[in-house]
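Have the model open in your viewer as you read.

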Amino acid sequence: MRHSIIALGTAFAALLTPAAAQVQPAPAIKSTNVELPPGDALFPGGSSADAINNNCLACHSADMVLNQPALSRSAWDSEVHKMIKAYRAPIDEGDVPAIVDYLASTKGTK
Amino acid sequence: MPLHRNDRHVRALTRRAVLKTFGVAGMALAGSPAWADQSVRLLFASGPQQRPITPDFPQKGPMILQRTRPPLLETPMEVFDRSVFTPNDQFYVRWHWAVIPTSVDVDAFRLAVRGHVNQVLSLSIGDLLKMPRVELAAVNQCSGNSRGFFSPRVPGAQWAHGAMGNARWTGVRLKDVLDRAGIKSGAIQVRFSGLDEPVVPEAPDFRKSLDLDHARDGEVMIAFAMNGEQMPLLNGFPLRLIVPGWYSTYWVKMLSDIEVLDRSDDNYWMATAYTIPDTPHANVTPGQTGVKMIPISRMVPRSFFTNVTEGASLPAGGSAAIRGIAFGGDTGVAKVELSMDTGRTWQLATLADDFGKYSFRRWQVNIPQLMKGVNSLLVRCTNLSGEVQPSMPNWNNSGFMLNAVETAHITAI
């Protein structure tokens, strides 16, 4: 087979649509309207989670972070700075230590 | 496909899947926990391993919830056991930025073609439906599929093996659309962007680029249908770029903008994110520095078990049909082999129907008599270029391109 892409209406159409050597009817494409779950759960931990709750929920839900494996404090520090530098997270440098503390104590390597 | 929206259905489906997995009465999933009804345990070397199974996303059946916003939804492994094509309602979902339009008006939607072209275009869905139509079976796999199995672990979406799927894509050739606009001389790359947007305006919008020759190869296509139907919104409705044989990062969803560039794209998502070490298997030693990085591109061969899971029990002394799926990456599957002696000897699997070189291929091996005790089953795929899955797992900082031989430990009792 020289080309595995199949122009319908040629002999190659047989590969995927054995019955139809002719052009198939256009599939119906209809306007779509959906609702997505909000993903607004907070990080657990009460006031120890204030800094992370205030700074880390704008772009993605907490489960993104909670599903990560345990990482070293320096790895968590680079993650937070990656958010600020690469993704322009509007985070006050003064909040960074509290965020890293939270991550290192709840999801740190021993 | 109907929507599966209630818990009872999920529970029934899960139990049915478990039974079907083993197909013989008396077999049970070792360590199958009581909460398997609502969640799944992904067998990573360290936690967290548990993920909810969610029926809560639109146009989607039960999916493994990796992240709610923006959605990262993984396909449960047993789905791949049911058919060579992954149903739309259980096809995995992966977004980067959370500003995703939740409604798309097909009549108002336009695809822009602009930049280094003779004629700027604004194409409606109707315009595309009038163009010559093509259809192709192809695997879509996330660059970071299986990242959770990296050792040492790395940050990123902690996928097991279900950030992949196989579908029949119907649409038009990208080449035909580019020819309609007319490429000016001096064009170098073509950049693609969708309707999704960053949450913070200054942040880098998600855009991906292909070299002009690749974009014009006649295989890259703009799809408006997936498995014969319009795509679920979360899989890129109304249009998705299809880049056969390449990782999903290039398969831009809700494709709305095609920009022909007279330079190489240096945007964040090309130059920084989705880059791999320029080494065999994109492999480096943890901590290794000074490695040249290049954009990720072609996929590599992989194979999986779909009717047995790690730790499964089967009856000793009886025969067992072991089956799964494989794909060659950027070319077809040459062979799939199974080993029961930790890789000393390999037996050929029987391959099922061939849906073209970019598709999943189902495979099966019949084991006449299963010996009592723990059996280690290894499966590996060799593609038509002679590339074979490595026995040692590859590793890199980003958790990309894992394609080592898969092992399942089966206990025969």
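Over all chains, this predicted model holds 18 aromatic pairs. Rings of Phe, Tyr and Trp (its six-membered ring) count as a pair if their centres lie within 6.5 Å; planes under 30 degrees apart make the pair stacked, over 60 edge-to-face, and the rest tilted. Start with A:Y87 and B:Y268: their ring centres are 5.5 Å apart and the planes stand at 80°, so this pair is edge-to-face. A:Y87 lies in the loop between helix 3 (73-85) and helix 4 (96-107) of chain A, while B:Y268 belongs to helix 6 (residues 268-271) of chain B, so the pair joins two chains. Helices here are DSSP runs of H or I with at least four residues, strands are runs of E with at least two, and both are numbered from the N terminus.

Is A:Y87 buried or exposed? Its relative accessible area is 16%, so A:Y87 is buried; buried means under 20%, exposed over 50%, and partly exposed in between, with a 1.4 Å probe and protein chains only. B:Y268 also has a relative accessibility of 16% and counts as buried. A:Y87 pairs with B:W269 too: the centres are 5.8 Å apart and the planes at 20°, so these rings are stacked. B:W269 is in helix 6 of chain B, so this pair, too, joins two chains, and B:W269 is buried, as is A:Y87. Ring pairs link both of these partners and A:Y87 into a cluster that also takes in B:W97, B:F206, B:Y274 and B:F400.

Rings also meet charges in chain B. A charge sits over a ring if NZ of Lys or CZ of Arg is within 6 Å of the ring centre and within 35 degrees of the ring normal. The charged end of B:K208 is placed this way over B:Y250, 4.8 Å from the ring centre, and B:R380 lies over the face of B:W346 at 4.0 Å.

Now step back to chain B as a whole. Six helices and 26 strands make up its secondary structure. Its radius of gyration is 22 Å, which agrees with the value near 22 Å for a compact globule of 413 residues; the radius is taken over C-alpha atoms, and the globule rule is 2.2 Å times the number of residues to the power 0.38. Of those 413 residues, 60% are buried. Among contacts (heavy atoms within 4.5 Å) between residues at least 6 apart in the sequence of chain B, 70% join residues at least 24 apart.

B:A187 gives a local example. This residue is found in the loop between helix 4 (174-181) and strand 11 (189-194) of chain B, and at 15% relative accessibility B:A187 counts as buried. B:D262 is 75 residues away in sequence, yet the two C-alpha atoms are 4.3 Å apart. Beyond neighbours within four places in sequence, B:A187 touches B:H116, B:L212, B:V260, B:L261 and B:D262. In helix 4 itself, the buried residues include B:L174, B:V177, B:L178 and B:A181. An α-helix has 3.6 residues a turn, so residues three or four places apart point the same way. After this helix comes B:G182, with a positive phi near 80°.

A word on confidence: pLDDT, the predictor's confidence in each residue, runs from 0 to 100. Chain A has a mean of 84, with 77% of its residues at 70 or more. Over residues 1-22 of chain A the pLDDT is below 50, and beyond near neighbours in sequence this stretch has 45 contacts in the model.

Residues are numbered from 1 along each chain as its sequence is written, and chains are lettered from A and ligands numbered from 1 in the order in which they are written. Local features need pLDDT of at least 70 and side-chain atom pairs count only at 80 or more, while totals for chains, interfaces and linings use all residues; side-chain values use heavy atoms, leaving out hydrogens and water.
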